[in-house]
Structure formats: C-alpha cells, structure tokens
Amino acid sequence: MTLDPLPIGASQPLREAWQLGNSGRLPRHVAIIMDGNGRWAQRRGESRSAGHQAGADSVRAVTRTARRLGLQALTLYAFSEQNWSRPQDEVQSLLRLLVQYLASELSEMRRSDIRLRALGNLARLPAPVRMALDATLQATQGHCSMTLSLALSYGGREEILHAARHLAQQVADGTLDVAEIDEARLQRALWTADLPSPDLIIRTSGEQRLSNFLLWQSAYAELYFTPVDWPDFRDDAFAQALVDFTTRQRRFGGIEPK
Ligand code: IPE
Ligand code: IPE
Ligand code: MG
C-alpha cells in the first residue's frame, strides 16, 4: 500500500503508524466506543453537552486520520439503544450534534471518498434526524476509499435479536430451511452485513467493557482500553492504539499466529 505523505510536522506516533500502514500491518477495521464526554466536561465545570461537542471534534480528527492511514473501515459507537434512557435534554443535544455533524462533514466525505453507513434501530430516530442521515448515506453511497459506520440507537443484543427474527420469519414463510441457518447467513442478517469483523476495538475513558457493542462481531477482535476521555482522544492517542495492535499475536483458536 502506498499512503499519501503525512503533513510536515506530523508527530512521532503518527509517523510510526503511517509506516506500519504502508507495510500493510494496520487493522483493516477499527471500531471505537467513544466514552467519557460527560466526565471530561464535568472536570472542567462545563455541561455534559459541551463534552459531547468537544467529542464531535475528536470524531472529525480520528476519521481524517483513519482515512490518511488507509484503514478500510471505521465504526463509531455514537449512541446506544440504552442511551435513550438519558435525560431528554441530553438526548436532544446529542441528536442536534449529529445533524450538525452530518451537514458539516459531507464535503469532507466527498473530498476523501468516504462512504457513510449507519447501524442500529434507525426507526427510533426522530424524522428530521432520519432525513438528514438518509441524505448523507445516499450522497456518499458510491464512495469506496473508507467506510465510516455510525452506530446509532445501536445495541448488539438488539441486533442479534433482529437477525434471529428475520431468519425465523423466513422459515415461517417457507423460504428458508432451518438446516440452512449457519454463521454466514446469520452474519448477513446483522446490521453490519457487508462489513468485515472489527480487528481492533478501542474504548476510551478507562471503562473496560463492551456496553452492548458489536457482540457477535467482536468474537476475535483485539481490545484496547485507554484512560483518555474521548474529547482528548486525538491523532497521537489513536496512532498509539494502532501501533499497539501491531504487537498483538492473533491465533483465532489455532496455535500459530495469523
Ligand atoms: C460518551 O460519553 C457519549 C455517549 C455515550 C453518547 P458519555 O456521555 O457516556 O460520558 P461519561 O461516560 O458520562 O463520562
Ligand atoms: C457506551 O457508553 C455507548 C456509547 C459510547 C455510545 P455508555 O457511557 O453508554 O456505557 P456505560 O453505561 O458506561 O456502560
Ligand atoms: Mg459513558
């Protein structure tokens, strides 16, 4: 792979990640649990929504870097199915930020040939949000240098349940035989159908759990936890996580590293 050169003055971790990218050693698909916006804001005496706002800038920075380093897929956990239980005003401010983000990033997605996808129970999003999302999904459909997936109103259990119901319906309709249900078919019934499984899952803010993220897909993902809160997670922290990934030995149940 030949990556475009980094800007002059790029930091040491970024340059190291760039070299690894050029030799094809970086993960293909990175998924991130973007956590810690609220605590970041609280520490500064600011509102939780100020934390989410700063988090949106990290989304921009990390997406740009992922593209620059040649990743094929970046999946960001932006809003969980369980996050609907937060106070109304926080949910509203997150949805508002999402719409702003979609409007402000379309030109960058065009310039960088990034395709946007959305995973989750999207029917639960309010109509105007859904419309803004659909418009961006459509506008970026033909792009293929990197797939950026936003997990919105997403839950891993809900996703598996949805797939199970979908397959059960086909069996009930007589269009699918129970014996035909295998891993590949279940995988295709998930919201991530056309994405490779994540090679690396990063969680910020010091929490060490998946919180209902990509439960099926994470079976053999490498996990990386960092104490850095999401609004502070920028190029260097991201590059460090990618470099760390290259030191892991993946065996997939066998005895030889793969
Ligand atoms: C992550 O930050 C953003 C979302 C879950 C939407 P949090 O809002 O969970 O921040 P903390 O965990 O309360 O610090
Ligand atoms: C996970 O973070 C969801 C997102 C990052 C969107 P939470 O902050 O909701 O997770 P818990 O509640 O700490 O497990
Ligand atoms: Mg949190």
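Asp-113, which follows helix α4, has a positive phi, near 60°. Helices (H or I, at least four residues) and strands (E, at least two) are DSSP runs numbered from the N terminus. The model is predicted, so that local features need pLDDT of at least 70 and side-chain atom pairs count only at pLDDT 80 or more, while totals for chains, interfaces and linings use all residues. Residues are numbered from 1 along each chain as its sequence is written, chains are lettered from A and ligands numbered from 1 in the order in which they are written, and side-chain values use heavy atoms, leaving out hydrogens and water.

Helix α4 comprises 24 residues (88-111), which should span 34 Å at 1.5 Å a residue; its end C-alpha atoms lie 35 Å apart, in agreement. The expected span is 1.5 Å times one less than the number of residues. At Glu-105, α4 bends by about 45° (the angle between axes fitted to the seven residues ending there and the seven starting there).

Six strands form an open sheet with parallel pairing, in the order β3-β4-β2-β1-β5-β6; two strands pair if DSSP finds at least two bridges between them. Because β3 (114-119) and β6 (222-225) each have a single partner strand, one side of each edge strand is left without a neighbour in the sheet. On average, neighbouring strands are turned by 20° against each other, direction ignored. Strand β1 (residues 29-33) is joined by four bridges to the parallel strand β5 (residues 200-203), with Ile-33 bridging to Arg-203.

Helix α4 lies across β2, β3 and β4, at about 165° to β4. Helix α3 (residues 48-68) lies across β1, β2 (73-80), β3 and β4 (146-154), at about 160° to β2. Contact means heavy atoms within 4.5 Å; axes are lines fitted to C-alpha atoms, for helices over the stretch in contact, and angles run from 0 to 180 degrees between N-to-C directions.
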